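The points are grouped by topic below the structure.

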2 protein chains.
Amino acid sequence: MKKPPKPSALEDHLGFWLRYVSNHVSQSFGAKMAGQGISIAEWALLRVLYDSNAVAPSEAAARLGLTRGAVSKLTDKLVAKSFITRKTGEKDRRYQVLSLSSAGRQLVLRLAALADENDAAFFGHLKPAQRAALKKIMQDMVSRFGLAEIPTE
Amino acid sequence: MKKPPKPSALEDHLGFWLRYVSNHVSQSFGAKMAGQGISIAEWALLRVLYDSNAVAPSEAAARLGLTRGAVSKLTDKLVAKSFITRKTGEKDRRYQVLSLSSAGRQLVLRLAALADENDAAFFGHLKPAQRAALKKIMQDMVSRFGLAEIPTE
DNA sequence: TATTGTTATACTCTATAACTATA
DNA sequence: TATAGTTATAGAGTATAACAATA
């Protein structure tokens, strides 16, 4: 009697476990952001603008790995919520200048605190050495494989 | 002069790095599946059916953390591709019985091999002890936080 | 009534590519 | 022509909830 081949199970893969945990961490984070009326993609854009205020949409798109169209829509939403402003460039009127409003700047501080909180809730129980090792492995992989796109999902 | 507060950066969070890597691993895997004409969600359903052939859609939905509606559509697609069959239950005609066709069974073997390949490509460079530690940490988190939904994305 | 599976509808997120205005 | 931003369209994936068949 021939026994059926036994293909690997989902749980045999490290990628499965990584995704499992990562999905939950992100969902939890997404829920915290949603509680503030902000999507994760919006958060990423806000965070970019906090670091270098006055960024053109095309530049933001490049940094976030999104299309200009996607950034255009994110911008619409954030402008509608008064967290950012959008002005036409002075020298070259094709460009726009995106900047955080002061409400936007405050929001980023609040969201960053939530991000810290979320990370602590999931990883706080690990020993510092474990956290460091985990981070190092992930960062190594990013450079080893030349992984490009930043997670915006 | 008051200096602006410095909120944590995206890269300060372990969750960010986990997602960064996980996204790439999954995208790569998804591309391999797509090469076989199968989505990741379809793959997950196929894999469930391989383990216990003759599963009701509602049961599959429960195992995968999807709605019955979602499973209904996945089933449509897989039946159309002749990888699974769908019969009405004999005892209780409300239930259906989903089973792999022999083509489906072969497909699962092929896909599982691709999954192995994908995992090896990303994690093969790690030392066995590192892989084990990584897996352990992830599994610990799953049980520690009672994370329920299996990743189907 | 309760449950299974189906389906109509909607929503979110994103991409592609055509379009407008500016250069 | 070339580039920035916009927008029309589409597609993937999923949920909600109403529905038909069956129990």
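The surface near DNA strand D draws at least two residues from each of three helices: α3 (57-64) and α4 (68-80) of chain A, and α4 (68-80) of chain B. The model is predicted.

**DNA strand D**

- DNA strand D is surrounded by 20 residues, and the closest are Pro57(A), Ser58(A), Ser72(A), Arg93(B) and Arg94(B).
- Of the atoms of DNA strand D that come within 4 Å of the protein, sugar and phosphate make up 67%.
- Helix α4(A) provides the largest share of the surface near DNA strand D, with four residues.
- Sorted by class, that surface near DNA strand D holds nine charged, six polar and five nonpolar residues.
- Arg86(A) places a polar side-chain atom 3.2 Å from a phosphate oxygen of DNA strand D.
- From chain B, an N or O atom in the side chain of Thr67(B) is 3.2 Å from a phosphate oxygen of DNA strand D.
- Lys73(B) reaches a base: a polar atom of its side chain lies 3.4 Å from a base nitrogen of DNA strand D.

**DNA strand C**

- There are 22 residues around DNA strand C, and those that come nearest are Arg93(A), Arg94(A), Pro57(B), Ser58(B) and Ser72(B).
- Sugar or phosphate accounts for 65% of the atoms of DNA strand C within 4 Å of the protein, and bases for the rest.
- A phosphate oxygen of DNA strand C is 3.2 Å from a polar side-chain atom of Thr67(A).
- Arg94(B) has a polar backbone atom 3.3 Å from a sugar or linking oxygen of DNA strand C.
- Gln96(B) uses its side chain, where an N or O atom is 2.9 Å from a sugar or linking oxygen of DNA strand C.
- Two or more residues of the surface near DNA strand C come from each of α4 of chain A, α3 (57-64) of chain B and α4 of chain B.
- Among these helices, α4(B) gives the most to the surface near DNA strand C, with four residues.
- The surface near DNA strand C divides into ten charged, seven polar and five nonpolar residues.

**Interface of chain B and chain A**

- Chain A and chain B bring 54 residues each to the contact.
- Between them the two chains bury about 5600 Å², of which 69% is on carbon and sulfur atoms.
- Between chain B and chain A, 22 residue pairs are in polar contact.
- On the side of chain B that touches chain A, two or more residues come from each of α1 (14-35), α2 (40-51), α5 (102-123) and α6 (128-144) of chain B.
- The largest share of that side of chain B is the 14 residues from α1(B).
- By class, the side of chain B that touches chain A has 32 nonpolar, eleven polar and eleven charged residues.

**Aromatic pairs**

- The whole structure contains eight aromatic pairs over all chains.
- One of them is the edge-to-face pair of Phe16(A) and Tyr20(A), at 5.5 Å centre to centre with 85° between the planes.
- Phe16(A) and Tyr20(A) both belong to helix α1 (residues 14-35) of chain A, where they sit four residues apart, about one turn of the helix.

Key: Residues numbered from 1 in each chain as written. Chains lettered and ligands numbered in written order. Predicted model: local features only at pLDDT ≥ 70, side-chain atom pairs only at ≥ 80, totals over all residues. Heavy atoms only, no water. Near = heavy atom within 4 Å. Polar contact = N/O pair within 3.5 Å; in protein donor to acceptor, adjacent residues only side chain to side chain. Nonpolar A, V, L, I, M, F, W, Y, C, P; charged D, E, K, R; others polar. Contact = heavy atoms within 4.5 Å. Buried area = accessible area lost by both parts, 1.4 Å probe. Phe/Tyr/Trp six-rings, centres within 6.5 Å; stacked < 30°, edge-to-face > 60°.
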